[in-house]
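Here is a friendly briefing to read with the model open beside you. Please take a moment to bring up the structure before going on.

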Amino acid sequence: MKYKSISLNGTDNYQYSLVKYEDKYKYILDSIEGIDTNLIDSVMACPVIYSINSDHQAYMIVKGDDIGVGATYIGTSTDEKDLEVKLQLDESKFANETEMYMLINQLVDSLGLYCYERKNICIELLNKIDLSKYNCLKYNREYLLPNIFTYVCSNNKYNKTIPLLLKEIKSCEDTLVSWKQTWWQEIQHRTSDDFHLLFDNDYIEKSDEMFSKASSFSLVDYTQDRNVTFDIDGNVSFSKKIKKNDSMCEFTYNVRKDGFNVNTFGFLLEDDQTRSKIITLNEELIKSKEKGTKKIIYKSDIVDKSSIYLEVRLDDNDDIDKCYIDFRTHRNNGKINGMYLIRINNRDKNFSFSYRSRKGDIYKYIDNIYYDDERLSTDTLKNRIEFFVDVINKCYRNGRGAISSDIDIRDLVNTRKIEKDVINFIKQIKSEIPLPYLQEQIDKFILEYSKSKNGDKVKKLQ
């Protein structure tokens, strides 16, 4: 980070700052008690010796406007991979050790973000406070000498995230320029404090240090109803208005993770490293990337106090492995009154039929009976469900139909149509996306999921 005064992030009760020494702040330095003399000398000398771009920096730690509470020296390791911090607090300025720990933790978190390019933060703490006692996972204590409190804190979160985020922003801007598009920049700051007395530039313009004070950064193209937002945790959202049906489409992803989500009119897609999940109004289609198996869930609307819940599991050849069907009856308030349960194990050719009351009592009518139905498939399952509805209604003890024959089950297991609609939509809008990592994730999804022939032409989505 630049060698300049800057506030710490994450302030709850007090505003703490790192203040670069000037003669006008001598009264603050003089008020700090019990600090190592070499550390005090560094605070005074570093602003004279080192430039604003130097990795060697020393600061007073200031609470509020002018209450000095400690001092710190910051530098890089010999290989420049780690940030080395020497730190001491004025213990007389704190009510207890916990309050001191909270400030140290806030300082470490802020430095990790400000100096995001550093792999670890190595702390030499001159106060006898065991940070590992408060968080042993975060603060790894190194026992170099008995009375020296030295810790190594991984900066993996920011070290990995911020460079990828800045790279994605730069590529997005370059793409928009190549498209001859105009856009507006919007920065959402993490804090709204108005404490500027000790800051050279607390609210940083877009640069490598942008996220030290910004929680998010947006590129907005009002002419195309297009918006891209990047946040500090690596989350990116891309939204665009679809003129064809006057609806919004939003893609979300994280620059450190595989996969992406799409939320638009007609479906929601959740894609990650292990599985893809497509959600429509009544269906859910979940595909395992490792095994190639699928699970289809269908929930019908309530019609005449009855509904259907269906779960079908397909093997890697899209053949039915197992099928669970719940024919539900409902009370006037919509709550489930009872369920007829059909369990089909197509692989082992077993079939069960039972009834579960609203109290949870189960009555088994057929239990693990062998059957052989070579015709049971996703294409014939709709007919089988209609058959079961007819059987249940005929067997209903008082003669009244328990399951409405008017329930719309449609082509509820037509996975190819669901997949094709989603893939076609994504293919159409892909050319409108100025984000390289999202483009890469979309290509992976299409390669994994696409059933269409090579060379199919896709019209541009308007």
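Lys349 is buried, with a relative accessible area of 15%. Lys349 sits in the loop between β21 (336-345) and β22 (350-357), and its phi is near 60°, a positive value in a residue other than glycine. Please keep in mind that this is a predicted model.

**Other positive phi values**

- Asp318 is not a glycine either, yet its phi is positive, at about 65°.
- You will find Asp318 in the loop between β19 (306-314) and β20 (320-330).
- Asp318 counts as buried because its relative accessible area is 15%, and buried means under 20%.
- Lys180, which comes after α5, has a positive phi near 60°.

- Helix α5 covers residues 156-178, which makes 23 residues.
- From the first C-alpha of α5 to its last is 34 Å, close to the 33 Å expected at 1.5 Å a residue.
- The buried residues of α5 include Tyr158, Ile162, Leu165, Ile169, Cys172 and Leu176; the charged residues Glu168 and Glu173 are buried as well.
- Helix α8 spans residues 436-449 and has 14 residues.
- The reach of α8 between its first and last C-alpha is 20 Å, close to the expected 20 Å.
- Among the buried residues of α8 are Tyr437, Leu438, Gln441, Ile442, Phe445 and Tyr449.
- As a reminder when you look at such lists, an α-helix has 3.6 residues a turn, so residues three or four places apart point the same way.

**Salt bridges across the chain**

- How many salt bridges does a search of the whole structure find? The search finds 26.
- One of them pairs Arg118 with Asp55, with 3.7 Å between the closest N and O atoms.
- Arg118 is in the loop between α3 (97-114) and β6 (120-125), while Asp55 is in the loop between α2 (37-49) and β3 (57-63), so this pair ties together parts that are 63 residues apart in sequence.
- Arg118 counts as buried at 9% relative accessibility, whereas Asp55 counts as partly exposed at 29%.
- Glu97 and Lys133 form a salt bridge too, their closest N and O atoms being 3.0 Å apart.
- That pair links distant parts of the chain, with Glu97 in helix α3 and Lys133 in helix α4 (residues 131-134), 36 residues apart.
- Glu97 is partly exposed at 29% relative accessibility, and Lys133 is exposed, with a relative accessible area of 57%.

**A salt-bridge network**

- Lys240 and Glu432 meet through their side chains in a salt bridge of 3.9 Å, N to O.
- Lys240 belongs to strand β12 (residues 235-242) and Glu432 to the loop between α7 (415-430) and α8, so the pair ties together parts that are 192 residues apart in sequence.
- Both Lys240 and Glu432 are buried.

- Lys81, Lys119, Lys160, Arg256 and Lys257 form a positive surface patch.
- Is Lys257 buried or exposed? Lys257 counts as exposed because its relative accessible area is 55%, and exposed means over 50%.

How values were computed: Residues numbered from 1 in each chain as written. Predicted model: local features only at pLDDT ≥ 70, side-chain atom pairs only at ≥ 80, totals over all residues. Heavy atoms only, no water. Patch = residues over 30% accessible without salt bridge, like charges linked within 9 Å, V, L, I, M, F, W, Y side chains within 5 Å. Areas by Shrake-Rupley, 256 points an atom, 1.4 Å probe, with all protein chains shown as cover. Salt bridge = Lys/Arg side-chain N within 4 Å of Asp/Glu carboxyl O. Charge placed at Lys NZ, Arg CZ, Asp CG, Glu CD. Buried < 20%, exposed > 50% of the residue type's maximum accessible area, 1.4 Å probe, protein only. Helix = DSSP H or I, 4+ residues; strand = E, 2+ residues; numbered from the N terminus. Expected span 1.5 Å × (residues − 1).
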